[in-house]
Amino acid sequence: MGKESYVDIGWLPNYYQHDTTIYINWSKEAVNNMKNEPHSDLANWEFRCKKGLVFSKAGIYAPTFRLSTGSIIDSGCNGIFSDNISIVYLLGILCSKLIRYQFNTYINHTVNAQVDDIKEISICLNSIAEKQIINFVRSIIENQKQNPLYDYASNEQNEIDCLVYEAYGLNAEDIHEIEYWYARRYPKLAMANQKNQMC
């Protein structure tokens, strides 16, 4: 389950979150009932405990993306799994301002992201950017393990955004449009992350 956003300090629940404690009734009766439910928590078991990404799909800041913990996924959260693209690289791309811009201006204009909307996101494969983005994402995750509200947006996120802009071949005018769109759409986040500089 995703955590709430803390926009006054410029923090969204992206990249990593500490495990959420959940309780599940695993009695024989409960498991039999779940097996017979049309939308059971036991459906798609091959993905339920697989490591990948999860995203929160509702709210003004949705979607937000983070590593899955490899546990059962809550009904309000969906998973992304890949055997072909590095999950860490994919996480960096999905948390970038460019993808947030692309998603909100071209794919889904609402505050309720759907699974099919996520499938429309364009992922650029760039081996040069990939190594650097992976390093920055790993740094964010390590810092978030120590401090759950680590200010990644004023630190590594700016570097990731610059790498994503370059990988997608954006020019200065394109970058300017995205940065100012972000500041208009999310003024509290932009104000809290004043250290961010455009590329």
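At what angle do the axes of helix 3 and helix 6 cross, and within what distance do they come? In this predicted model, the axes of helix 3 (residues 87–94) and helix 6 cross at roughly 85° and come within 8 Å. Helix 3 is therefore roughly perpendicular to helix 6, since angles of 65 to 115 degrees are placed in that class. On the side of helix 3, the contact is made by Val-88, Tyr-89, Leu-91, Gly-92 and Ile-93. Helix 6 contributes Ala-129, Glu-130, Ile-133, Ile-134, Val-137, Arg-138 and Ile-141.

The overall fold may be described next. The chain has 199 residues, of which 44% count as buried. Its secondary structure consists of nine helices and three strands. Read from the N terminus, the elements follow the order α-α-β-β-β-α-α-α-α-α-α-α. Among contacts between residues at least 6 apart in sequence, 65% join residues at least 24 apart. In the loop between strand 1 (53–56) and strand 2 (64–67) lies Pro-63. The peptide bond that leads from Ala-62 to Pro-63 is cis, with omega near 0°.

Two packed helices are described by the angle between their axes and the distance between the axes. Helix 6 (residues 127–146) also packs against helix 7 (residues 156–167), at an angle of about 160° and with the axes 10 Å apart. An angle over 145 degrees counts as roughly antiparallel, and helix 6 and helix 7 are therefore assigned to that class. The crossing of helix 6 past helix 7 is left-handed. In this contact helix 6 is represented by Ala-129, Gln-132, Ile-133, Phe-136, Val-137, Ser-139, Ile-140 and Asn-143. The partners from helix 7 are Glu-156, Gln-157, Glu-159, Ile-160, Leu-163, Val-164 and Ala-167. Nine nonpolar, four polar and two charged residues make up the contact of helix 6 with helix 7. Ala-129, Ile-133 and Val-137 of helix 6 take part in the contact with helix 7, and these residues also belong to the contact with helix 3.

A further helix pair is formed by helix 4 (residues 97–107) and helix 8 (residues 172–185), whose axes come within 10 Å and cross at roughly 70°. This angle makes helix 4 roughly perpendicular to helix 8. Helix 4 passes helix 8 in a crossing that is left-handed. From helix 4, the residues in contact are Lys-97, Leu-98, Arg-100, Tyr-101, Asn-104 and Thr-105. They meet Glu-177, Ile-178, Glu-179, Trp-181, Tyr-182 and Arg-185 in helix 8. The composition of this contact is five nonpolar, two polar and five charged residues.

Charged side chains also pair directly, and the count of salt bridges comes to four. One of them joins Lys-145 and Glu-142, with an N to O distance of 3.5 Å. Lys-145 and Glu-142 are three residues apart in helix 6, which means that about one helical turn separates them. Lys-145 is partly exposed at 36% relative accessibility, and Glu-142 is likewise partly exposed at 44%. Another salt bridge links Arg-184 to Glu-177, where the closest N and O atoms are 3.9 Å apart. Arg-184 counts as exposed, with a relative accessibility of 55%, whereas Glu-177 is partly exposed at 34%. Glu-177 is also one of the residues through which helix 8 meets helix 4. The side chains of Asp-116 and Lys-119 form a salt bridge as well, at 3.4 Å from N to O. Asp-116 is exposed, its relative accessible area being 53%, and Lys-119 is exposed at 61% relative accessibility.

Asn-14 is placed in the segment before helix 1 (28–36). Its relative accessibility is 4%, a value under 20%, and Asn-14 therefore counts as buried. When neighbours within four places in sequence are left aside, Asn-14 is in contact with Thr-64, Phe-65, Arg-66, Cys-95, Arg-100, Gln-144 and Tyr-152. Among these, Arg-100 is also a residue of helix 4 that takes part in the contact with helix 8. Asn-14 and Tyr-152 are 138 residues apart along the chain, while their C-alpha atoms are separated by 9.3 Å.

Notes: Residues numbered from 1 in each chain as written. Predicted model: local features only at pLDDT ≥ 70, side-chain atom pairs only at ≥ 80, totals over all residues. Heavy atoms only, no water. Axes fitted to C-alpha atoms, helices over the stretch in contact; angles between N-to-C directions. Helix = DSSP H or I, 4+ residues; strand = E, 2+ residues; numbered from the N terminus. Parallel < 35°, antiparallel > 145°, perpendicular 65-115°, else oblique. Left-handed = near helix turned anticlockwise from the far one by under 90°. Contact = heavy atoms within 4.5 Å. Nonpolar A, V, L, I, M, F, W, Y, C, P; charged D, E, K, R; others polar. Buried < 20%, exposed > 50% of the residue type's maximum accessible area, 1.4 Å probe, protein only.
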